[in-house]
Structure formats: structure tokens, C-alpha cells
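Visitor: Please pick one part of this model and take me through it closely. I'd like the cut-offs spelled out as you go.

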Amino acid sequence: QVQLVESGGGLVQPGGSLRLSCAASGSIFSINAMAWFRQAPGKQRELVAHITSSSVTSYPDSVKGRFTISRDNAKNTVYLQMNSLKPEDTAVYYCNADITTAWRTLRVYWGQGTQVTVSS
């Protein structure tokens, strides 16, 4: 069994920063690509950052230059550093990972989500 557990969400003022973490645990053989998505009320879930197994990163224009995704392979953890936050960044943030399990099956796993609220 594999789990992704997120932490680090909360309330922050516009212009502030937050750092999200997502740790994978369980019967893991390897972790391939990892990503962060977000979903605001009444909107579709959208990708906000992606990182490959070799740490190549990509971002949509809406967060480029403000958000940074990174990973620590030794800890099976992915991070999302969010700077210059705006009210429109308010959403539930989910981590996502392509994981090969100890039984050599490949599937996509999701975290439970963490709320980020940007408001004065």
C-alpha cells in the first residue's frame, strides 16, 4: 500500500509565502514524475507544477516565476515553494506521483489535499 501525505497549507496574506510538502510512503520501488495540482471551488483541477525523475521542472504561466517545485528522492518527498501569493491562488492543493510499487505495478497516486487560502 502506498500513501501520499501533504502538509504545509494554511492562511497567508497576499504577497506572502508558503511551502507545501508531500511525503510518499509504503511499498515503493521507485517514484517517477511528481506534480502538484490545485482545485478552487467551482473550477476544474489544474496542474501547477511538474517535476520529472531527473528533476526537470515545468509550470503553467499562471505560477511561473512564483512557484518552485523540488524533490528529495532520499525522503520520497516533493515540495512546492509558493511566493508572491495572490488571492486567486486560493485552492485545495493536491500532490500526485507516478509510482512503481514493490510488486512492479505502475500507477498514479494522489494525496488527500491541503487548503491554501490567500486573504487579507
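**A strand and its links**

Guide: Ser-21 has its place in strand β3, where a strand is a DSSP run of E, at least two residues long, numbered from the N terminus. Bear in mind that this is a predicted model, with local features needing pLDDT of at least 70 and side-chain atom pairs counting only at pLDDT 80 or more, while totals for chains, interfaces and linings use all residues. Residues are numbered from 1 along each chain as its sequence is written, and side-chain values use heavy atoms, with hydrogens and water left out.

Ser-21 counts as buried because its relative accessible area is 18%; the cut-off is under 20%, with exposed over 50% and partly exposed in between (1.4 Å probe, protein chains only). Leaving aside residues up to four places away in sequence, Ser-21 touches Val-5, Glu-6, Ser-7, Trp-36, Val-78 and Tyr-79, a contact being heavy atoms within 4.5 Å.

Now for β1, residues 2-7. Six bridges join β1 to β3 (residues 18-26), and the two run antiparallel; pairing takes at least two DSSP bridges. Val-2 has Gly-26 as its bridge partner in β3.

The link is right-handed, with 45 degrees about the S-S bond. Cys-22 is buried at 0% relative accessible area, and Cys-95 is buried at 1%.

How values were computed: Helix = DSSP H or I, 4+ residues; strand = E, 2+ residues; numbered from the N terminus. Disulfide = S-S within 2.5 Å.
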